[in-house]
Amino acid sequence: MDYNKQARIDLHIHSTASDGTFSPSEILDLAQKLNLKAIAITDHDTIDGSKEAIALGIPPSVKFLTGIEISASSPPSFPCSESFHILGYSIRLDDPALNKTLEILQQARKNRNPQIIERLNDLGIDLTLKEVIDKVGECQLGRPHIAQLMLKKGYVESISEAFNKYLGKGKPAYVDKYRIDCAQAIEIILGAGGIPVIAHPFLLKFKNDALLEDLILSLKEMGLKGIEVYYSEHRADQTANYADIANRHGLLMTGGTDFHGSLKPDIKMGYGKGDLLVPYELYEKLVRK
Ligand code: AMP
Ligand code: ZN
Ligand code: FE
Ligand code: FE
């Protein structure tokens, strides 16, 4: 059997620059230990994790792609659930337009966190932004960090309970954040020399597959180049369906676990819930683009 075909990669990893609990250095170490052939750090709306990994030096046994996961809004004709995320690979980290846009998105997140805390306080949950910052340090704070503190203080028994009861969309402490629209997210990634990919399509929760395919076609017109076909939470039939859509429309396939360390305790880097295998050949096709 061709070894490369069995070799595994993970192109969806969060670091401490956003809401992962492993630093870029720990991610590089773990990738080597797990014998992952290629990885990408794809933090929410920040490229600081990718920058740090490159500054540290990438070990020769691991191929590395710079990455980003931008929270965007879906096209108005395709309203979908909250997690409309555009991944970008092989972006130039010093691209001025990309950095400028990320600064705006980071500021929007900063404005949102105190509003979430205020709502929690109103609901009788006693925590402050300072406590969250003291616990996780200098990084881009988001709801998972708030959930982590709620867990620590005994208000919930798990991070998912915090989302399901308080922080998730439609729940009493949910505050929406400013997003750029998907056309702009795709344009910014392309402008930085990168490859825009629609993340975890199963989360978009369309009523039927035809709608998802129509959305992907309209994103392709905006410049989308790929679909995240392999993902920790995709069932086999979903993976097959997304691969079929990618093949029929000449789109690249990518895949990754969405590793967040202890913030998503059931997801292992490179392995997802245990049985995910993202083949190395996807990486090869991506870099040939
Ligand atoms: P934010 O960046 O604040 O919008 O939070 C997004 C993060 O929250 C992502 O890492 C998601 O995976 C995580 N998240 C969203 N919904 C849930 C949920 N129901 N349970 C656990 N984590 C979630
Ligand atoms: Zn996250
Ligand atoms: Fe995501
Ligand atoms: Fe993610």
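Predicted model: local features only at pLDDT ≥ 70, side-chain atom pairs only at ≥ 80, totals over all residues.
Local features are given at pLDDT of at least 70 and side-chain atom pairs only at pLDDT 80 or more, while totals for chains, interfaces and linings use all residues. Residues are numbered from 1 along each chain as its sequence is written, and ligands are numbered from 1 in the order in which they are written.

**View 1. The zinc ion (ligand 2) and its protein donors.** Asp19, in the loop between strand S1 (8–13) and helix H2 (24–33), and His260, in the loop between strand S9 (252–256) and strand S10 (278–279), are 241 residues apart. Helices (H or I, at least four residues) and strands (E, at least two) are DSSP runs, numbered from the N terminus. Asp19 is buried at a relative accessible area of 6%, and His260 is buried at 3%, where buried means under 20%, exposed over 50% and partly exposed in between, with a 1.4 Å probe and protein chains only.

**View 2. The iron ion (ligand 3) and its neighbouring metal site.** Glu69 (OE), His85 (ND1) and His200 (NE2) coordinate the iron ion (ligand 3) at 2.0 to 2.2 Å, with the sequence spacing E-x15-H-x114-H. His85 lies in strand S5 (residues 85–89) and His200 in the loop between strand S7 (195–198) and helix H9 (209–222), 115 residues apart. Both histidines are buried, His85 at 9% relative accessibility and His200 at 1%. Glu69 also bridges to the iron ion (ligand 4), the two iron ions lying 3.4 Å apart, and 4.7 Å separate the iron ion (ligand 4) from the zinc ion (ligand 2).

**View 3. The open sheet formed by four strands.** The strands are ordered S3-S2-S1-S10 with mixed pairing, two strands being paired if DSSP finds at least two bridges between them. Strand S3 (63–65) and S10 are the edge strands, each pairing on one side only. S1 runs parallel to strand S2 (residues 38–41) and is joined to S2 by 3 bridges; Ile9 stands opposite Ala38 in S2.

**View 4. Helix H2 against the sheet.** H2 packs on the sheet and touches S1, S2 and S3 (contact means heavy atoms within 4.5 Å), its direction making about 165° with that of S2. Axes are lines fitted to C-alpha atoms, for helices over the stretch in contact, and angles run from 0 to 180 degrees between N-to-C directions.

Note on methods. Heavy atoms only, no water. Donors = N, O, S within 2.8 Å, 3.2 Å for Na, K, Ca; no water.
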